[in-house]
Amino acid sequence: MSNSFESSVMSQRIVLATHNPHKVEEFAAIVAAVRPDLEVVGYDGPEPVEDGITFAENALIKARAAAAHTGLAALADDSGICVDVLGGAPGVFSAYWAGHRKDAGANLDLLLDQLSDIAEPHRGAQFVSTIALVVPDADGTGAAEHTVEGVWHGRLATAPSGTGGFGYDPVFLPDGEGGRSAADLSAAEKNAASHRARAFAALVPLLERLPG
């Protein structure tokens, strides 16, 4: 496996290994601030089985699949909410917490129900994001692989608030935001402070080395 970016297949496009248009939009805004010459495109290939037990394992599974399918450098994010009193759950199961339908509303309702009797001092939680970057070699024999992590600390509200964001954003109260939920923040505020933004900050030096 090569670690040379210079010998890798490059393009003005970089594929984000997700079918979620919200994530594509969010990543595109973050990437544009660092590499406006790179166009983030969504992944239209088959979804791999995410059978990893960590965010990093699942992020790499998705990025490898997208890179192999498109031949482009690929980014993948695996993220979720980790609740202290639940021992870090839902964690990697965040998207499927209420079942395999990926019903964001049901996931949020179930989590709130599970914590209905938990007092505010014990409602600590973190959004965690791991971003994987896989860059295929020019000769197709290997790829450079990297993962970075970002953590956004806060606590869980007792009821949803806000109309922005998606997933668990309406019940996550980030530290330092005066009780506003992640869904109450503007897109610019969230992009500057979120778990993905923090992971992306660690990824920036790698993206800066990708030729356009």
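Which helices each supply at least two residues of the lining of the second largest pocket? In this predicted model, local features need pLDDT of at least 70 and side-chain atom pairs count only at pLDDT 80 or more, while totals for chains, interfaces and linings use all residues. Residues are numbered from 1 along each chain as its sequence is written, and side-chain values use heavy atoms, with hydrogens and water left out.

H1 and helix H4 (187-193) each supply at least two residues of that lining; helices (H or I, at least four residues) and strands (E, at least two) are DSSP runs, numbered from the N terminus. H1 provides the largest share, four residues. The second largest pocket has a volume of about 250 Å³. Its lining comprises 13 residues, and Glu25, Glu26, Gly165, Ala187 and Lys190 are the closest to its centre. A pocket is an open set of points on a 1 Å grid over the protein atoms alone, where a 1.4 Å probe fits, with protein on both sides within 12 Å along at least five of seven lines; lining residues have an atom within 4 Å of a point. A volume is the space filled by probe spheres set on the points, which are joined across faces, edges and corners. By class, five lining residues are nonpolar, five polar and three charged (Ala, Val, Leu, Ile, Met, Phe, Trp, Tyr, Cys and Pro count as nonpolar, Asp, Glu, Lys and Arg as charged, and the others, Gly among them, as polar).

The largest pocket holds about 950 Å³ of space. Of its 38 lining residues, Lys23, Ser79, Ala95, Tyr96 and Lys102 lie nearest the centre. Elements that each supply at least two lining residues are H1 (21-34), H2 (55-70), E3 (74-83), H3 (104-114) and H5 (195-208). Strand E3 gives the most, five residues. The lining divides into 15 nonpolar, 13 polar and ten charged residues.

Strand E1 (residues 13-16) pairs with E2 (residues 39-42) in the parallel sense over four bridges, pairing requiring at least two DSSP bridges between two strands. Leu16 stands opposite Gly42 in E2. The β-α-β crossover from E1 through H1 to E2 is right-handed, that is, clockwise from the first strand over the helix to the second with the strands pointing away from the viewer. E1 also runs parallel to E3, joined by two bridges, and Leu16 stands opposite Leu75 in E3.

Mean pLDDT (the predictor's confidence in each residue, from 0 to 100) is 89 for the chain, with 93% of residues at 70 or more. Among the elements, H1 has the lowest mean, 83. Over residues 1-11, pLDDT stays under 50. Where pLDDT is low, the predicted coordinates should not be read in detail.

Note on methods: Contact = heavy atoms within 4.5 Å.
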